[in-house]
Amino acid sequence: MTLSENFRGLQHIGIPTNDIEQTISFYSKLGFEIALRTVNQDAAEQVAFLKLGNLMIETYENNAAALCIGAINHIAIDVNSIDEAFDFINENGLNNTSDVIHFLPFWKNGVKFFTIEGPNLERIEFSQYL
């Protein structure tokens with residue numbers, strides 16, 4: 001399977017924050033609604049997924065946000081099969097971060113993902129809702 005056959009669209013854009021309440025308040029004023037609010041136990045981070053139409057922003061309070069132009073952390077590509085996406089990336093020599101597939105207990109059944117870097121050091125996350 002090619003990546004384009006496995007591709008479902010943009011899943012979310014990841015924006016780190018030093019103040020999750022301020023970030024939620026700002027995006028709420030723009031019309032975003034909280035789709036999910038949780039905690040990433042492994043990283044001890046508060047996390048909120050904010051949705052406006054088909055646009056999803058994942059914001060997470062890591063107290064290390066760059067607070068500068070270009071500070072978006074990652075874009076996440078929604079895939080049908082994380083295993084097939086991972087195999088494709090590795091077979092084509094694109095796993096330049098040597099990442100592995102991770103699991104987080106977000107959403108109903110969890111999510112699996114891995115991350116690579118683009119040529120401009122942009123992070124590209126491949127993610128599958130389970």
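Buried residues have under 20% relative accessible area, exposed residues over 50%, and partly exposed residues lie in between (1.4 Å probe, protein chains only). The structure is a predicted model, in which local features need pLDDT of at least 70 and side-chain atom pairs count only at pLDDT 80 or more, while totals for chains, interfaces and linings use all residues. Residues are numbered from 1 along each chain as its sequence is written, and side-chain values use heavy atoms, with hydrogens and water left out.

**View A. The aromatic pair of F49 and W107.** Rings of Phe, Tyr and Trp (its six-membered ring) pair if their centres lie within 6.5 Å; planes under 30 degrees apart count as stacked, over 60 as edge-to-face and the rest as tilted. The rings of F49 and W107 form a tilted pair, with 5.0 Å centre to centre and 55 degrees between the planes. Because F49 belongs to strand β3 (residues 45-52) and W107 to the loop between β6 (102-104) and β7, the pair ties together parts that are 58 residues apart in sequence. Helices (H or I, at least four residues) and strands (E, at least two) are DSSP runs, numbered from the N terminus. W107 is partly exposed, at a relative accessible area of 27%, whereas F49 is buried, at 3%. Together with F106 and Y129, F49 and W107 form one aromatic cluster.

**View B. The aromatic pair of F26 and Y27.** The structure holds seven aromatic pairs. One of them joins F26 and Y27 in an edge-to-face arrangement, 5.1 Å centre to centre and with 85 degrees between the planes. F26 is partly exposed, with a relative accessible area of 47%, and Y27 is buried, with 18%.

**View C. The buried face of helix α3.** Helix α3 spans residues 82-91, and its residues I82, A85, F86 and I89 are buried. Seen down the axis of α3, these buried residues fall within an arc of 100 degrees (taken from the directions from the helix axis to the C-beta atoms), so they line one face of the helix. An α-helix has 3.6 residues a turn, so residues three or four places apart point the same way. Just after α3, G93 adopts a positive phi of about 65 degrees.

**View D. Strand β1 and its partners.** Eight of the 11 residues of β1 (residues 7-17) are buried, and the strand is mostly covered. Two strands pair if DSSP finds at least two bridges between them. β1 pairs with β5 in the antiparallel sense over six bridges, and I13 stands opposite I75 in β5. With strand β4 (residues 55-61), β1 pairs in the parallel sense over five bridges; T59 in β4 is the bridge partner of I15.
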